[in-house]
Amino acid sequence: MPDFEPIAGRYLTVAIDGVDHRIFLEEAGQGLPLLCLHTAGADSRQYRHLLNDAWVTERFRVIAFDMPWHGRSNPPDDWWLTRYRLTTAGYLATIRAVWQALGLDRPVVLGCSMGGAIVLKVAADYQDELTGIVGLESAAYAPGRYNELLHHPAIHGGELCASYTYGLNAPTSPEASRRENWWYYSQSGPGVYQGDVHYYSLDWDAREDIKTIDTARCRVALLTGEYDYSCTPEQTEQAAAAIPGASLTIMKGMGHFPMIENYRDFRPYLLEALKQML
Amino acid sequence: MSAEAGPYPGPDWMERYRSRVNADRELGIIGRWFTATFMLTFGENRHAVKVVEGRIAEIVAAPRFDVRATFGFRAPVEVWAKFLSPNPPPLYHDFFAMLMRVPAFVLEGDSLAAMQNARALHRMMNIMRETGAPDA
């Protein structure tokens, strides 16, 4: 027998704000839907350990999709006439479109970095239709990552974006895992990481929205690594302080990409958060 | 780091650093296009690092103005000491982290040239950490 993993990948056409998008998603498991959002300039491969974790997949239907422009999801028609710029509204519409197309009933939405940010807005806007959110490296406001040189014709964007994000890992995380994330980052299309951090650094501000989250209706677990300098522990602490009932965990020896940089050490934290959702 | 100990990080450390860079397998693969002179400034103590195809050909201590550099990194000694410590505190563990969060750590000169070499430069700066703390 071939040594297959239990992950299955598929393509789905979904209308986002009235425009069809061909989306790639991968999933494993059965149970409560767990929709996973990758980081800026990356794709759903970051969730391969979570998708292969039997404890998780015995309890959750885990789904990770590539955002339009990322991984194996296409950009929309006429993309060559578009400067890619993610926005809060567009990001939210994409998540909602995939969620509805798949008919997910009271899912848990889990996201990291820009995904960990937007789950706060998902919770604020859709708290009656969710079981909860798990925010990895979540900030309600996160300026400072945008940089003009991230997309420049005289610079290898893949190598710059991958190196620019490499130090966001904890120095103590296994080198092979940190390098794996480097590899994923090196593969994003021109300007895609920059377009994502344009949202994250310049458009994103949910400091008022999060005050409306009622954790009796939508559970909230926030986990941030101590070495994260994009979303620092202090930034997540500020978000958690504005959401009564949210659980907050600062993960020792962890950086900005827990699910891929060091799954072994992340797993106990993750399982505690997921148990809160069951 | 006392005054009696001499300038930080000291010539022995700089030589160990150069040897380590020049023996690095990864830079042997990715360094081919990295040819530039960059400055490392520890407090008032400047070094010009002359890189040819990913190897350090020469480190000039206290260079005069006839040594031209394309870009450089400058920070107070106490910032470098955190970066080079065995267990660097968060925000001091990576040069990109310091560029974002440690205002006293600066990239001087032509940042385009620096970022054109981001991969090899990042590796070279991480080898500073692998060289060990200068006081050790």
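A: What follows is a walk through the open sheet of chain A and the helix across it.

This is a predicted model, where local features need pLDDT of at least 70, side-chain atom pairs count only at pLDDT 80 or more, and totals for chains, interfaces and linings use all residues. Residues are numbered from 1 along each chain as its sequence is written, and chains are lettered from A and ligands numbered from 1 in the order in which they are written.

The sheet has 8 strands in the order 1-2-4-3-5-6-7-8, with mixed pairing. Strands are DSSP runs (E, at least two residues) and helices are runs of H or I (at least four residues), numbered from the N terminus. Two strands pair if DSSP finds at least two bridges between them. Strand 1 (8-16) and strand 8 (247-251) of chain A stand at the edges with a single partner each, so one side of each has no neighbour in the sheet. The twist averages 20° from one strand to the next. Angles run from 0 to 180 degrees between N-to-C directions, with axes fitted to C-alpha atoms, for helices over the stretch in contact.

Now the helix. Helix 4 of chain A lies across strand 3 (32-37), strand 5 (108-112), strand 6 (132-136) and strand 7 of chain A. Helix 4 runs at about 150° to strand 5 of chain A. Contact means C-beta atoms, placed from the backbone, within 7 Å.

Key. Contact = placed C-beta atoms within 7 Å.
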